[in-house]
Amino acid sequence: MASLCLALACMPAGAETLKDALQAAYLQNPQLEAQRKQTAQAQEQLAQARAQRRPQVTASASYGYESVDTNRPFAFNNGDQPVSTAQLQATVPVYTGGRIASGIRQAKAGINTANAQLEGAGQDLILQVITAYVDVLRDRETISIRENSVALLEEQLQAALDRFEVGVVTRTDVAQSEARLEGARASLAAAQAALEASEAGYAFLVGQSAGDLETVPPAPILPETIDEALQVALNQNPDLEASRFNETVAAEGVKSAYSALKPTVSIVGTASRSDTYDDNFRDTSVTAVAQASVPLFEGGLRRSQVRAAKLQRDSARFQTDNVERQLRAQVAQAFFGHQAALKSIEASQRQVEAAEIAYEGAQEELAVGVRTTLDVLDQEQQLLEARLNLIRAQRDAYVAAHQLLRAMGGLELDRLQLDVVAYDPDNYGEFVRRNWLLTDTE
């Protein structure tokens with residue numbers, strides 16, 4: 001009871017481990033799967049951007065009847081006759097003012113953004129599962145402590161009643177024991193409700209109910225100074241990486257908007273054929289032309305789009321600054337929170353040891369009439385709070401350590417040594433590059 005880890009060290013060998021929970025969550029979590037689809041969409045946007053520099057070929061055909069009636073003195077082909085036409089046209093972009101190149105660079109930056117967001121989502125999930133796991137352990141140990149407290153208070157109440165019957169204690173002593181017992185029962189009910197909530201959160205994240213959970217492994221080694229932790233976070237945090245890539249997306253958006261103000265040149269090739277069946281006439285033609293387009297006046301639309309793109313770029317820069325500030329705060333909170341929790345563990349351990357000695361002494365002194373029932377109840381309450389404070393501090397230290405790792409971008413599958421194959425978003429990109437003519441990817 002004195003320690004969250006020690007109390008659970010005797011779990012059966014078949015109990016569920018933290019590693020099991022993380023693997024199940026990684027493979028089954030729908031939010032993470034949705035984020036994976038976002039990375040696939042980013043790959044498709046790159047395919048769409050590249051498609052714009054390839055030839056665009058269209059085919060059209062028609063078939064119908066033509067009715068000709070004229071009052072000319074010399075006319076042919078009067079009356080109804082079937083007519084058919086067919087046309088094949090190919091357009092090859094030659095110069096687009098940099099629009100296609102900017103679009104490709106923008107799409108590539110979008111892929112990097114989506115990949116970083118996927119990494120961040122995966123690390124968020126890992127942190128949430130770790131937190132839910134230790135919350136269940138904490139709440140189960142809390143219930144165990146409170147159940148022992150209720151049982152102890154029931155014994156004390158019975159002892160007070162027995163002593164009251166023989167006139168050793170007063171009715172006040174009995175009432176004090178009853179009040180403490182009812183309070184302990186209320187606290188036990190609250191602890192049971194908290195456990196239900198923790199187990200529900202665990203099932204939501206992992207996709208299965210929490211069974212017999214083994215003790216958590218030791219927390220990983222953390223940086224010794226906050227400056228070291230902050231430097232790692234600024235270089236490796238996936239959220240900050242995603243925001244920086246998003247800046248690139250916005251910057252390329254400005255170039256793409258500017259390109260709409262520039263001329264465009266394309267080569268257009270057309271082959272057509274027209275048949276008139278009754279007179280067996282056939283017309284065919286093949287043309288190839290260079291087509292240029294220069295925007296002269298569009299009512300201010302494209303210039304407004306340029307200004308909007310610049311505003312989006314500036315907004316992305318400010319957003320990156322905001323993410324960096326948040327990251328600095330997260331690192332500081334997690335680092336100092338972890339340090340405080342470690343000190344709290346040490347103090348709570350000493351408090352538990354002292355409270356146990358004081359409680360045992362109060363019981364012995366009560367037996368010889370030196371202490372009152374209230375004194376014993378107070379010592380029992382102090383011991384209870386000391387034990388609860390210890391398991392809370394252990395939980396807080398473990399969570400704070402992993403919060404710091406999350407801020408540093410350190411909750412990666414490789415470091416956690418999970419027995420799962422990491423999702424590689426580049427696999428879908430390679431599939432698209434090899435099968436860009438397919439319509440259905442299923």
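**Buried and exposed residues, a surface patch and salt bridges**

Student: Does I391 count as buried or exposed?

Tutor: In this predicted model, the relative accessibility of I391 is 0%. The cut-off for a buried residue is under 20% relative accessible area. I391 falls below that cut-off, so I391 counts as buried.

Student: In which helix is I391 found, and what distance separates the C-alpha atoms of I391 and T142?

Tutor: I391 belongs to residues 373-407, which form helix 9. Along the chain, I391 and T142 are 249 residues apart. Their C-alpha atoms, however, are separated by 7.9 Å.

Student: Which strand gives the most to the nonpolar patch?

Tutor: The patch covers about 340 Å² of surface and is made by V92, V94, Y95 and I267. The leading contribution is 3 residues, and it comes from residues 79-95, which are strand 2.

Student: Does V94 count as buried or exposed?

Tutor: V94 has its place in strand 2 and is one of the residues of the nonpolar patch. A residue is exposed when its relative accessible area is over 50%. V94 has a relative accessibility of 53%, and therefore counts as exposed.

Student: What is the distance between the closest N and O atoms of K255 and E252?

Tutor: Side chains of opposite charge can pair when their charged atoms come close. K255 and E252 are 3 residues apart in helix 7 (residues 238-259), which means that about one helical turn separates them. K255 is partly exposed at 43%, whereas E252 is buried at 7%. The two form a salt bridge, and their closest N and O atoms lie apart by 3.7 Å.

Student: Which residues do salt bridges that share partners join into one network?

Tutor: A separate pair, R328 and E324, forms a salt bridge with its closest N and O atoms 3.1 Å apart. R328 and E324 lie 4 residues apart in helix 8 (residues 301-367), about one turn of the helix. Both count as partly exposed, R328 at 39% and E324 at 22%. Elsewhere, salt bridges with shared partners build one network from D135, R138, D139, R395 and D396.

Student: Are D139 and R138 buried or exposed, and how many salt bridges does the count come to?

Tutor: D139 and R138 form a salt bridge with their closest N and O atoms 3.0 Å apart. Both of these residues are buried. When a side-chain nitrogen of Lys or Arg within 4 Å of a carboxyl oxygen of Asp or Glu is taken as the rule, the count of salt bridges comes to 18.

How values were computed
Residues numbered from 1 in each chain as written. Predicted model: local features only at pLDDT ≥ 70, side-chain atom pairs only at ≥ 80, totals over all residues. Heavy atoms only, no water. Helix = DSSP H or I, 4+ residues; strand = E, 2+ residues; numbered from the N terminus. Buried < 20%, exposed > 50% of the residue type's maximum accessible area, 1.4 Å probe, protein only. Patch = residues over 30% accessible without salt bridge, like charges linked within 9 Å, V, L, I, M, F, W, Y side chains within 5 Å. Areas by Shrake-Rupley, 256 points an atom, 1.4 Å probe, with all protein chains shown as cover.
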